[in-house]
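Look over the sequence and the model, then read on.

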Amino acid sequence: MTVFTDAAPGEQFALSGTEPGFDRLHGIPTVALGEESDRLLALGHLTDRAVLAVTSAYHRRIIGELIVPSHELNDLIAFGTHRVHIRAVRAQPDEDDCPWYVDDAASSHPTAQAATVIHCEWLEREEIRAASACPACTRISRSVKFGPGDAGWASYHRCQHCAHRWLPPVTPLPQRSALTQTLEALSCTRSA
Ligand SMILES: [Zn+2]
């Protein structure tokens with residue numbers, strides 16, 4: 001089958017994991033889908049273990065967030081993970097932010113590709129910040145979570161040891177906007 005770079009607009013091509021938007025996470029080509037990057041599309045039918053590894057790596061490396069334990073995380077494999085078959089199509093120029101999109105395909109179709117769709121929008125996450133020492137017991141925290149606290153609703157560090165909550169030191173985070181821009185550039189708005 002045709003590769004992305006040779007495909008005409010509207011033509012189906014074989015996804016190799018090197019197309020615009022893909023990252024390699026634990027060796028598995030993965031791309032975020034949706035305007036809010038609410039789903040991950042990984043090539044192949046992943047094992048449960050690989051689903052968790054890819055989801056964690058995507059949040060940590062690409063958007064700088066930690067996945068934290070939650071009911072939603074417990075349900076990620078059973079309810080949030082779908083092993084499907086897809087066909088990839090090169091988009092019309094200027095039609096989409098992303099130069100390609102995927103449609104569902106019958107598994108019996110000769111050009112269908114196996115893929116795993118991971119719905120990650122409901123997962124509890126904490127933003128990764130510079131390390132900060134707990135004012136009460138000096139343990140280090142790198143993650144923050146938005147919630148109520150002494151200074152109102154804000155992103156607080158929470159000590160794993162003594163449960164003390166404190167505001168992160170005020171530091172400029174110029175890389176934050178660059179990360180956001182990169183994420184937006186990587187997001188494919190057509191649904192799987
Ligand atoms: Zn503490």
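Predicted model: local features only at pLDDT ≥ 70, side-chain atom pairs only at ≥ 80, totals over all residues.

What is the geometry of the zinc ion's site? The site is tetrahedral, with angles of 99 to 119° among the four donor atoms.

Residues are numbered from 1 along each chain as its sequence is written, and side-chain values use heavy atoms, with hydrogens and water left out.

**Zinc site**
- Cys-134, Cys-137, Cys-159 and Cys-162 each give their SG atom to the zinc ion, at 2.2 to 2.4 Å.
- Donors here are N, O and S atoms within 2.8 Å of the metal (3.2 Å for Na, K and Ca); water is not among the atoms, so sites may look incomplete.
- Along the chain, the donors are spaced C-x2-C-x21-C-x2-C.

**Cysteines**
- Buried means under 20% relative accessible area, exposed over 50%, and partly exposed in between (1.4 Å probe, protein chains only).
- Cys-134 is buried because its relative accessibility is 1%.
- Cys-159, at 2%, is buried too.
- Cys-137 reaches 23%, so it counts as partly exposed.
- The structure has zero disulfides (pairs of cysteine sulfur atoms within 2.5 Å).

**Nonpolar cores**
- A nonpolar core is a set of buried Ala, Val, Leu, Ile, Met, Phe, Trp, Tyr and Cys residues joined through side-chain atoms within 4.5 Å.
- The largest has 17 residues, and Ile-28, Leu-40, Leu-46, Val-54, Tyr-58 and Ile-118 touch the most other members.
- β3 (28-33), β4 (39-43) and α1 (48-62) each supply at least two of its residues.
- α1 gives the most, with six.
- Another core lies apart from it, with 16 residues, including Phe-22 and Ile-86.
- Beyond its neighbours within four places in sequence, Ile-28 contacts Asp-23, Ala-42, Leu-43, Leu-46, Ala-50 and Val-54 (heavy atoms within 4.5 Å).

**Sheet**
- Helices (H or I, at least four residues) and strands (E, at least two) are DSSP runs, numbered from the N terminus.
- Five strands form an open sheet in the order β5-β9-β10-β11-β12, with antiparallel pairing.
- Strands pair if DSSP finds at least two bridges between them.
- β5 (65-67) and β12 (165-166) stand at the edges with a single partner strand each, so one side of each lacks a neighbour in the sheet.
- Four bridges join β9 (residues 125-133) to β10 (residues 140-147).
- Ile-128 has Ser-143 as its bridge partner in β10.

Notes
Tetrahedral: all angles 85-135°; square planar, octahedral: opposite > 155°, others 65-115°.
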